[in-house]
Amino acid sequence: MRPQRGFLRLVLALALLLGALALVVRRQSQTLEALRGLEQIRRQSAVLEAERAELLRQAHGLESRSQVLAAAAGRLGMYVPAGPELVILSLPAERPAPPEPRGWQARAF
């Protein structure tokens with residue numbers, strides 16, 4: 001009976017060792033898969049950030065004065081006035097005083 005008990009212990013120890021090794025392999029595989037997914041997300045993020053930077057650059061270019069003038073001239077037939085077409089409006093010398101508020105809200109204590 002004694003030798004059989006030692007053999008069972010050996011088989012049990014080997015089974016536990018193989019189970020632990022299988023668990024380690026499974027966890028490592030899951031970790032590697034998660035890292036691959038993370039790397040893919042990082043690559044997508046870099047691509048989207050580059051696209052965003054390009055769109056911002058284009059937007060700033062389209063907002064430039066030369067682009068606005070060209071679009072206004074081409075689409076709307078507008079142009080920058082020159083010489084006698086310019087009208088300069090002046091402000092009145094004195095501004096009229098604002099009217100005093102009426103009602104219960106305007107009382108000073």
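In which helix is the place of Leu 21? Leu 21 sits in helix H1, which spans residues 2-62. The model is a predicted one, in which local features need pLDDT of at least 70 and side-chain atom pairs count only at pLDDT 80 or more, while totals for chains, interfaces and linings use all residues. Residues are numbered from 1 along each chain as its sequence is written, and side-chain values use heavy atoms, with hydrogens and water left out.

Of the 109 residues, 1% count as buried; buried means under 20% relative accessible area, exposed means over 50%, and partly exposed lies in between (1.4 Å probe, protein chains only). The accessible surface of the chain amounts to about 11,100 Å², and carbon and sulfur atoms account for 63% of that surface. Such areas come from the Shrake-Rupley method with a 1.4 Å probe, and for residues only the protein chains shown count as cover.

Back to Leu 21, which is partly exposed because its relative accessible area is 46%. Together with Leu 10, Leu 14, Leu 17 and Leu 18, Leu 21 forms a nonpolar surface patch with about 490 Å² of accessible area. Patches are made of residues with over 30% relative accessible area and no salt bridge; like charges are joined within 9 Å, and nonpolar side chains (Val, Leu, Ile, Met, Phe, Trp, Tyr) within 5 Å.

Charged pairs come next. Side chains of opposite charge can pair when their charged atoms come close. The structure holds 3 salt bridges, each defined as a side-chain nitrogen of Lys or Arg within 4 Å of a carboxyl oxygen of Asp or Glu. Glu 33 pairs with Arg 36, with 3.3 Å between the closest N and O atoms. These two residues are 3 apart in helix H1, so about one helical turn separates Glu 33 from Arg 36.

A further salt bridge joins Arg 52 to Glu 49, the closest N and O atoms being 3.4 Å apart. Both belong to helix H1, at a spacing of 3 residues, or about one turn. Arg 52 is partly exposed at 47% relative accessibility, and Glu 49 is partly exposed at 43%.

In the bridge between Arg 57 and Glu 54, the closest N and O atoms are 2.6 Å apart. Arg 57 and Glu 54 also lie in helix H1, 3 residues apart. Arg 57 counts as exposed because its relative accessibility is 53%, whereas Glu 54, at 31%, is partly exposed.

Note on methods
Helices (H or I, at least four residues) and strands (E, at least two) are DSSP runs, numbered from the N terminus.
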